[in-house]
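Subject: Structure for you to look at

Hello,

Here is the structure you will be working with. Please open it beside this message and follow along.

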Amino acid sequence: MGPLDAFDRAGFVVTAVVDGIAEDQFGLPSPCAEWTVRGVLNHIVIGNMIADAIVAGRAHPDRSVDRLGRDPRATLVGSIAGTRAVLGRKGLLERTVSTPRGEAPGATLVHTQVAELLVHGWDLARATGQATDLDPELAEYVMTDWQTRLGDRPRSMLPFADPQPVPDDACAADRLAAYLGRSVAVA
């Protein structure tokens with residue numbers, strides 16, 4: 001699977017999860033302690049805006065602003081489509097871009113956005129009582145990427161907590177979430 005195919009699949013996954021969110025669930029807490037369901041969705045949209053700004057060499061948008069408006073799903077879908085167009089530009093995967101963590105190939109930016117969509121899709125599914133068994137092949141792909149990047153490095157300076165325990169029979173998306181610091185224990 002190539003990075004852009006993975007992005008497309010992750011966009012499909014998170015959109016399907018958002019389709020399953022009821023209006024009265026946007027204020028629910030999420031596995032991301034600092035955000036509600038709406039906050040996680042807003043973070044995804046802002047993350048896409050940041051990826052767009054990185055590629056364009058522009059200043060990053062203000063993370064404190066709610067970008068969702070009255071139709072969070074439409075805003076999400078629009079941000080995914082816009083970011084996909086930006087990430088699909090000829091030569092971007094090989095080009096070096098300036099990310100918040102330093103210079104990196106464009107492919108690394110795409111991989112980061114794939115993980116953002118999938119893992120935060122997991123957060124949204126978990127918070128709203130939906131199934132978390134999200135695209136097992138994609139979850140394995142993202143897990144392999146992050147295991148290669150992170151390994152057993154300390155995570156004190158990263159936006160991830162330490163890996164959490166996970167049941168032996170956990171699905172791939174639950175294993176990924178646990179690897180990136182989420183608690184997947186049944187509440």
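The expected span of a helix is 1.5 Å times one less than its number of residues. Helices (H or I, at least four residues) and strands (E, at least two) are DSSP runs, numbered from the N terminus.

Before going on, two notes on the source. This is a predicted model, in which local features need pLDDT of at least 70 and side-chain atom pairs count only at pLDDT 80 or more, while totals for chains, interfaces and linings use all residues. Residues are numbered from 1 along each chain as its sequence is written, and side-chain values use heavy atoms, with hydrogens and water left out.

The buried residues of α5 are L138, A139, Y141, V142, M143, D145, W146 and L150. Buried means under 20% relative accessible area, exposed over 50%, and partly exposed in between (1.4 Å probe, protein chains only). These buried residues pack against α1, α4 and α6 (172-179). Just after α5, G151 has a positive phi of about 55°. In the loop between α4 (106-127) and α5 (136-150) sits D135. Phi of D135 is near 35°, which is positive in a residue other than glycine.

Helix α1 (residues 3-19) has 17 residues, and its first and last C-alpha atoms are 24 Å apart, close to the 24 Å expected at 1.5 Å a residue. Among its buried residues are P3, L4, F7, G11 and V14. The cover over the buried residues of α1 includes α2, α3, α4 and α5.

S79 lies in helix α3 (residues 72-87). With a relative accessible area of 12%, S79 is buried. A polar atom of its side chain lies 2.9 Å from the backbone oxygen of L76. Leaving aside neighbours within four places in sequence, S79 is in contact (heavy atoms within 4.5 Å) with V45 and N48.

G106 belongs to helix α4. Its relative accessible area is 0%, so G106 is buried. G106 and R95 are 11 residues apart in sequence, and their C-alpha atoms are 5.5 Å apart in space. With neighbours within four places in sequence left aside, G106 is in contact with L92, L93, R95 and V97.

A173 is in helix α6. A173 counts as buried because its relative accessibility is 3%. Its C-alpha atom is separated by 9.2 Å from that of E137, 36 residues away along the chain. Leaving aside neighbours within four places in sequence, the contacts of A173 are W122, T132, L134 and A139.

**The largest pocket**

How much space lies in the largest pocket? The volume is about 980 Å³. On a 1 Å grid over the protein atoms alone, a pocket is an open set of points where a 1.4 Å probe fits, with protein on both sides within 12 Å along at least five of seven lines; lining residues have an atom within 4 Å of a point. Grid points are joined across faces, edges and corners, and a volume is the space filled by probe spheres set on the points.

The lining has 36 residues, of which R101, T112, E116, P159 and F160 lie nearest the centre of the pocket. At least two lining residues come from each of α2 (37-56), β2 (102-105), α4 and α5. The largest share, 8 residues, comes from α4.

Regards

Terms used:
Polar contact = N/O pair within 3.5 Å; in protein donor to acceptor, adjacent residues only side chain to side chain.
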